[in-house]
Amino acid sequence: MNRPVLSANALGRRLGARWIWRGLHLELNPGDRGMLVGPSGTGKSLLLRCLCGLDHPDEGQVLYDGRTVLPKDVPSFRSQVLYVQQTPALVQGSVADNVNLPSDFKVHAGSGSLGDLASALFEALDRPADFMTRRASRLSGGEAQLVGLVRALALEPRVLLLDEPTAHLDGGTTRRVEELVSSWTGGGERAVLWTSHDPAQVERVLEGPLIELPEVR
């Protein structure tokens, strides 16, 4: 039996005196494509941020490979569990500059240029041949989402936490993203947890846990 690559045990988070969620359990096994659903305001983005260590729960713990993440492990952990926000942070320069940006960070120092892999990924998403040379400031919201996704995929983490990754995309590109992420998890070593408001997308993508957050009262 596979050991979960990422799990949460009795996780709770509150804002002021109000609990957003409490007693939350989840397990992502290698190969899983889990879906996180719930009405707006139920803390889906907040949960993704807690799972990758960008935010901290008020109760419970997050485990990676069955072990508690210690402070000394955080840089390595965050390189393997990547959160891709709905509106990615892009710097001035080209798409290529943004894709290669993580190579400047110590934790990704051995990754080298990510351009070749990124170019292949953009090709799978039906982007034009000159897409890597385009200025980030001139991208549409959907194109910026693709840059954020490809930048994360090119780093080859073990877990992707995707926050509405197709919210600004047309139907055809949405399907290509779904196929690309499905292929990425298909080898059985990686896992993804994906938020969506689209029931049809949940049905297409889901192959793993379905986590439904209750409406906050």
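Biologist: Why does Arg13 count as buried?

Modeller: Buried means under 20% relative accessible area, exposed over 50%, partly exposed in between (1.4 Å probe, protein chains only). Arg13 has 14% relative accessibility, so Arg13 counts as buried. This is a predicted model, where local features need pLDDT of at least 70, side-chain atom pairs count only at pLDDT 80 or more, and totals for chains, interfaces and linings use all residues. Residues are numbered from 1 along each chain as its sequence is written, and side-chain values use heavy atoms, leaving out hydrogens and water.

Biologist: Why is Asp55 called buried?

Modeller: Asp55 has 15% relative accessibility, so Asp55 is buried.

Biologist: What makes Arg158 and Asp65 a salt bridge?

Modeller: Their closest N and O atoms are 2.8 Å apart.

Biologist: Is Arg158 buried or partly exposed?

Modeller: Arg158 counts as partly exposed, because its relative accessibility is 22%.

Biologist: What makes Lys72 exposed?

Modeller: Lys72 has 67% relative accessibility, so Lys72 counts as exposed. Lys72 meets Asp73 in a salt bridge, at 3.2 Å from N to O. Asp73 has a relative accessible area of 27%, so Asp73 is partly exposed.

Biologist: How many salt bridges does a search of the whole structure find?

Modeller: The search finds eleven.

Terms used. A salt bridge is a side-chain nitrogen of Lys or Arg within 4 Å of a carboxyl oxygen of Asp or Glu.
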